Amino acid sequence: MNEIEKLRGAANQLKYPAGIMRNVGHDINGLGFFPGANGTFDNSTIISNKPIMILGQDQDNEKGFAKSCKVGNESYSPTWTNLRALLEKAHINEAECFFTNCIMGIRLKTTKNTGKSPAHGYPDFLKECLVILEEQIRIQKPKLIISLGRIPAKLLSVISKDLLLKFIAIDEFKEIDQWDFAVNRGIEFDNIPAFKTNMVVLYHPSFRALNIIKRQRIAHSSGIDPEVEMLREILKN
């Protein structure tokens, strides 16, 4: 059993909240986030050789996921269009990334695929998903985790005491920037011994164009996108 099959097998065992979230298999053949796709640019089933984890909240709603399955990938979406442009500016090779989610499954009976997942209303299910997230990190051992939005960062704080005090009460990006919590170095996870990583919290790609000007961090180099600068800086070390 390869690494992705192991993780997908764990996701298949979850007790999904009826009518709220449902399981997905390897239903997207091309580029897309795990678990709906393999989560790798080269469609590899190995993630332990990928130094960067790109972490979203959950996969999609039912309609959006059905479209991605029909198209065969998610690369047509605004998330991917904006994310790939950002990675290119930051000189990050997509082949070195594992694109994945904190919460397994897709949203049912909703047209929304952004904002807080309905899974948050089901703490037992959410807890089980975080066990799988922990296993993703244990297998991959990324040198950098890129949180797409503040919600994945808050979920990571549940399994990392290093992040808990920072993000437990954070509800707005302005607070993240005000307290200089966007870039986090040397993070340890409670149940993954002898492992440390870094994390950067970015706006979700779908909202970058509207919100990037609001980030309070000032770029050191004139004209540099502050999120691009954060990524370049953290990757230097």
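1. In this predicted model, helix H9 (residues 226-236) has as its buried residues Pro226, Glu227, Val228, Glu229, Met230, Leu231 and Ile234. The elements that cover these buried residues include helix H3 (78-89), strand S5 (144-148), strand S6 (183-189), strand S7 (192-202) and helix H8 (208-211).

2. The start of H9 has a side-chain to backbone approach: a side-chain oxygen of Asp225 lies within 2.8 Å of the backbone nitrogen of Glu227. Glu227 is also among the buried residues of H9.

3. Two packed helices are described by the angle between their axes and the distance between the axes. For helix H4 (residues 123-140) and helix H5 (residues 150-158), the axes come within 10 Å and cross at roughly 90°. Angles of 65 to 115 degrees count as roughly perpendicular, which means that H4 is roughly perpendicular to H5.

4. On the H4 side, the contact is made by Leu126, Leu130, Leu133 and Ile137; H5 supplies Leu155, Leu156 and Val158. By class, the residues of this contact of H4 with H5 are seven nonpolar, no polar and no charged.

5. The largest nonpolar core has 64 residues, of which Ile54, Ile137 and Leu156 touch the most other members. H4 gives the most to this core, with eight residues. Ile137 and Leu156 also take part in the contact between H4 and H5.

6. Leaving aside residues up to four places away in sequence, Leu156 touches Leu55, Leu133, Ile137, Ile145, Leu163, Phe189 and Met199.

Definitions and conventions
Residues numbered from 1 in each chain as written. Predicted model: local features only at pLDDT ≥ 70, side-chain atom pairs only at ≥ 80, totals over all residues. Heavy atoms only, no water. Axes fitted to C-alpha atoms, helices over the stretch in contact; angles between N-to-C directions. Helix = DSSP H or I, 4+ residues; strand = E, 2+ residues; numbered from the N terminus. Parallel < 35°, antiparallel > 145°, perpendicular 65-115°, else oblique. Contact = heavy atoms within 4.5 Å. Nonpolar A, V, L, I, M, F, W, Y, C, P; charged D, E, K, R; others polar. Buried < 20%, exposed > 50% of the residue type's maximum accessible area, 1.4 Å probe, protein only. Polar contact = N/O pair within 3.5 Å; in protein donor to acceptor, adjacent residues only side chain to side chain. Core = buried A, V, L, I, M, F, W, Y, C linked by side-chain atoms within 4.5 Å.
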